[in-house]
Amino acid sequence: MRRVRFDSTAIVSAGYEPETAVLEIEFAGGGVYRYRLVPPHVWRELADAESAGRYFAERIRDRYPEEWLP
């Protein structure tokens, strides 16, 4: 998946595949996680958020099925 860089202290990069509703996030701590069943508006809001880390914590974490990518 192609990811774009984020200007964030928490998120290094993220990408979204609308065909499969999969969001992939690379965190500053080094981990990469894949989130499934994410609606397109969530990706747009994350990309446009003033604080991507805060948006993630409030609107994505623990709300969508996640998978750690080693």
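Two strands are taken to pair if DSSP finds at least two bridges between them; strands (E, at least two residues) and helices (H or I, at least four) are DSSP runs, numbered from the N terminus. By this rule E4 (residues 32-35) and E5 (residues 66-69) are joined by 4 bridges and run antiparallel. Across this pairing, tyrosine 35 stands opposite glutamate 66 in E5.

This is a predicted model, in which local features need pLDDT of at least 70 and side-chain atom pairs count only at pLDDT 80 or more, while totals for chains, interfaces and linings use all residues. Residues are numbered from 1 along each chain as its sequence is written, and side-chain values use heavy atoms, with hydrogens and water left out.

The other pairings can be followed from E1. E1 runs antiparallel to E2, with 2 bridges between them, and the two form a hairpin with 5 residues between them. E2 is joined to E3 by 6 bridges, again antiparallel; here glutamate 17 stands opposite valine 22 in E3. The E2-E3 hairpin has 4 residues between its strands, and alanine 21 in the turn has a positive phi of about 60 degrees. E3 in turn runs antiparallel to E4 through 4 bridges, with arginine 34 in E4 as the bridge partner of glutamate 24. E3 and E4 form a hairpin with 4 residues between them, where glycine 30 in the turn has a positive phi of about 105 degrees.

E2 is largely enclosed by the rest of the structure, because 6 of its 7 residues are buried (under 20% relative accessible area; exposed is over 50%, partly exposed in between; 1.4 Å probe, protein chains only). Serine 13 lies in this strand and, at 5% relative accessibility, counts as buried. Serine 13 in E2 is the bridge partner of arginine 5. Its side chain also makes polar contacts (a pair of N or O atoms within 3.5 Å; within protein, one must be able to donate a hydrogen and the other to accept it, and residues adjacent in sequence count only if both atoms are side-chain atoms). One joins the side chains of serine 13 and arginine 3 at 3.0 Å; another joins those of serine 13 and glutamate 26 at 2.8 Å.

Helix H1 (residues 40-48) has Val42, Trp43 and Leu46 as its buried residues. They lie on the same side of H1, because they cover an arc of only 100 degrees around the axis, taken from the directions from the helix axis to the C-beta atoms. The buried residues of H1 pack against strands E1 (4-5), E2 (11-17) and E3 (22-27) and helix H2 (52-59), where contact means heavy atoms within 4.5 Å.
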